[in-house]
Amino acid sequence: MEFMTRVEIGKASWKLSHDRSVVTFGSCFANEIGRRLRDRLFDIDINPAGTLFNPSSVASTLTRTLDSREYSHNELVCTPDGIWHLMSHHSEFSSPDPLKVVSRANSRMQHAAAMLREKDAVLMITLGSSRAFRYLATGEIAGNCHKLPGREFELVDLSLESIIEEWDILIQKLLHENPTIRIILTVSPVRHKSYGLVADRLSKSILLLACHKIKEKYSVNVDYFPAYEIFTDELRDYRFYASDMVHPSEVGADYVFERFTSAYLDENEKDLTKQCLALTRRLSHRQLGERNGSTILFEKETDRLTSSLSELSPRIANAIERIKKEK
């Protein structure tokens, strides 16, 4: 007996592997999927501009990344608390030092651009809302509002036609830069409750239509993964949301990630990801108390597994070094 209606996911014509570079752009759900891939030692750049929700901000930031147009000091906005911000970026880039904001944004952009140009690169896009805020001072769609006064913005609902037009230009540019790139479109299951649930559903419906129109036109290079549908149709219960009733819980995100790996990883890669995750957990382990015989055995096994996995792929070796630096 079935107690849920499962979302059917067609078999992808290509597979994700540790030999591919991966870049994610978009909402906080892109962070969730990206974090799980990073923990499994994929060579990944997660949200190079920080969390972005609307498709126009994602498209314009990606376009600028491909064009390698560096950010400059005159694009920054300073709030009364003395913090400098880029309107195109998440507040994780913000700082009291304007040079740090620009330097970090440009560094992340350059890294992402290089990864996107690599052979068989994978770009994962997670769109959150078709509602956006136009920054009146410049007329541009803001990636984030940085808690500036509401009077400085205009709320706009991006139309299906405008989204498709902007993304059509972007995908042609992506394919011109890298004909081997593979793009996965998803719609975030995160509920934008502040807009009202009816407005949020209307917003998601526009994103869903846009994704499928784009996929139809670029079916060789563009795929669609139904993260939103899995969450709303298979996980029809508030226990799969975090306490804010807006974001997916860890369990909910884990389930969607399992469906993702089922669609995009072959059996060998699935086995490899288990070993990689085991090593990540070992590297993240913090020793309590004095070093003893058990500690030494643990360290030796960790070193053995590190060497074994590093030899499989330079990308895995780089991912391991990144995990060690973050420890």
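Strand β9 (residues 182–187) pairs with β10 in the parallel sense over three bridges, where strands are DSSP runs of E of at least two residues, numbered from the N terminus, and two strands count as paired if DSSP finds at least two bridges between them. Within this pair, I184 stands opposite D223 in β10. The structure is a predicted model, in which local features need pLDDT of at least 70 and side-chain atom pairs count only at pLDDT 80 or more, while totals for chains, interfaces and linings use all residues. Residues are numbered from 1 along each chain as its sequence is written, and side-chain values use heavy atoms, with hydrogens and water left out.

**Parallel sheet**

- Five strands make up an open sheet with parallel pairing, in the order β2-β1-β5-β9-β10.
- The edge strands of this sheet are β2 (43–46) and β10 (222–224), each of which pairs on one side only, and the twist averages 20° from one strand to the next.
- Helix α5 (residues 197–217) lies across β5 (122–127), β9 and β10, and runs at about 140° to β10; angles run from 0 to 180 degrees between N-to-C directions, with axes fitted to C-alpha atoms, and helices are DSSP runs of H or I of at least four residues.

**Antiparallel sheet**

- A three-stranded open sheet has the order β7-β6-β8, with antiparallel pairing.
- Because β7 (140–142) and β8 stand at the edges with a single partner strand each, one side of each is left without a neighbour in the sheet; the twist averages 45° from one strand to the next.
- Strand β6 (residues 131–135) is joined to β7 by three bridges, and Y135 stands opposite E140 in β7.

**L155 in strand β8**

- L155 is found in strand β8 (residues 153–157), and it counts as partly exposed because its relative accessibility is 42%, the class lying between buried (under 20%) and exposed (over 50%), with a 1.4 Å probe and protein chains only.
- Leaving aside residues up to four places away in sequence, L155 touches R131, A132 and F133, contact being heavy atoms within 4.5 Å.

**Packing of α8 and α10**

- Helix α8 (residues 267–283) packs with helix α10 (residues 314–326) at an angle of about 25°, their axes being 10 Å apart, which means that α8 is roughly parallel to α10, a term for angles under 35 degrees.
- The residues L272, C276, L279, T280 and L283 in α8 meet I316, I320, I323 and K324 in α10, and by class this contact has seven nonpolar, one polar and one charged residues.

Methods: Angles under 35 degrees count as roughly parallel, over 145 as roughly antiparallel, 65 to 115 as roughly perpendicular and the rest as oblique. Ala, Val, Leu, Ile, Met, Phe, Trp, Tyr, Cys and Pro count as nonpolar, Asp, Glu, Lys and Arg as charged, and the others, Gly among them, as polar.
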